[in-house]
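Welcome, and thanks for taking a look at this one.

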Amino acid sequence: YHNQGTASEIKARVRSAAGRMSPVKAIATGGLDGETAFPEVEMDNGGEAVFAWQAATANIEGRIQARVMSPTGTLGPVKTLASPQATLGGEEGTASQLAVNPSGDAVFTWIRTDAVTGKDVVEGRVLTDDNVLKPTVKLSAGDTEVSEPEVDIANSGAAVFAWGQKSLTVGKVQLLGRSLSATNTLGQTKALS
């Protein structure tokens with residue numbers, strides 16, 4: 001959950017199968033000059049949790065970050081999934097979504113403003129169970145309006161994404177989808193509606 005006190009923080013508690021609550025654990029902090037918001041969490045079959053959130057400081061806005069927590073409560077390092085300084089450029093990562101498969105592979109998606117076109121673009125990225133962060137993939141063309149994406153990941157590590165996008169030919173929003181193989185290869189964009 002998001003806790004706005006002296007600092008902006010993402011916190012968590014674990015509830016055991018027997019109903020016992022763990023102590024509060026700090027997942028992320030924005031510090032005195034930063035902000036964290038919009039936390040999400042998913043868990044694999046082994047009890048490993050993956051957290052994602054949006055983060056900003058006075059100098060950098062729109063980062064999407066993530067962190068893994070082991071079943072024993074040990075936190076892994078914070079990983080920046082999307083940032084204004086990322087390879088594909090752009091700014092202001094928003095509307096992030098997260099999915100985790102039973103074996104612990106995690107997939108993330110978000111919207112950012114494309115540095116070249118100035119339009120919103122849907123991007124995605126996979127974090128494997130062995131803590132390998134695959135390269136960011138650009139899912140939409142960045143030439144028209146898009147709406148919040150959704151994502152899911154199969155046991156094989158292949159992912160599927162869906163988002164709304166305004167059609168340049170008919171001017172109405174349609175639902176689009178695109179697959180990402182376990183080897184990080186993008187499939188063709190498909191019109192779902």
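Is Asn184 buried or exposed? Asn184 is buried, because its relative accessible area is 18%, and buried means under 20% relative accessible area, exposed over 50% and partly exposed in between (1.4 Å probe, protein chains only).

## About the model

This is a predicted model, in which local features need pLDDT of at least 70 and side-chain atom pairs count only at pLDDT 80 or more, while totals for chains, interfaces and linings use all residues. Residues are numbered from 1 along each chain as its sequence is written, and side-chain values use heavy atoms, with hydrogens and water left out.

## Two asparagines in loops

Asn184 sits in the loop between β14 (173-180) and β15 (190-191). Strands here are DSSP runs (E, at least two residues) and helices likewise (H or I, at least four), numbered from the N terminus. Although Asn184 is not a glycine, its phi is positive, at about 70°.

Asn131 also deserves a look: its phi is near 70°, a positive value in a residue other than glycine. Asn131 belongs to the loop between β10 (120-127) and β11 (137-138). With a relative accessible area of 37%, Asn131 is partly exposed.

## The chain as a whole

The protein chain has 15 strands and 0 helices. Its C-alpha trace spans about 55 × 40 × 25 Å along the principal axes.

Buried residues account for 46% of the 193 residues. Of the contacts (heavy atoms within 4.5 Å) between residues at least 6 apart in sequence, 37% join residues at least 24 apart.

## Around Thr80

Thr80 is part of strand β7 (residues 79-82), and it counts as partly exposed because its relative accessibility is 34%. Beyond its neighbours within four places in sequence, Thr80 is in contact with Arg63, Ile64, Gln65, Arg125 and Leu133.

With Gln65, the Thr80 side chain makes a side-chain polar contact at 3.0 Å. A polar contact is a pair of N or O atoms within 3.5 Å; within protein, one must be able to donate a hydrogen and the other to accept it, and residues adjacent in sequence count only if both atoms are side-chain atoms. Gln54 is 26 residues from Thr80 in sequence, and their C-alpha atoms are 9.7 Å apart in space.
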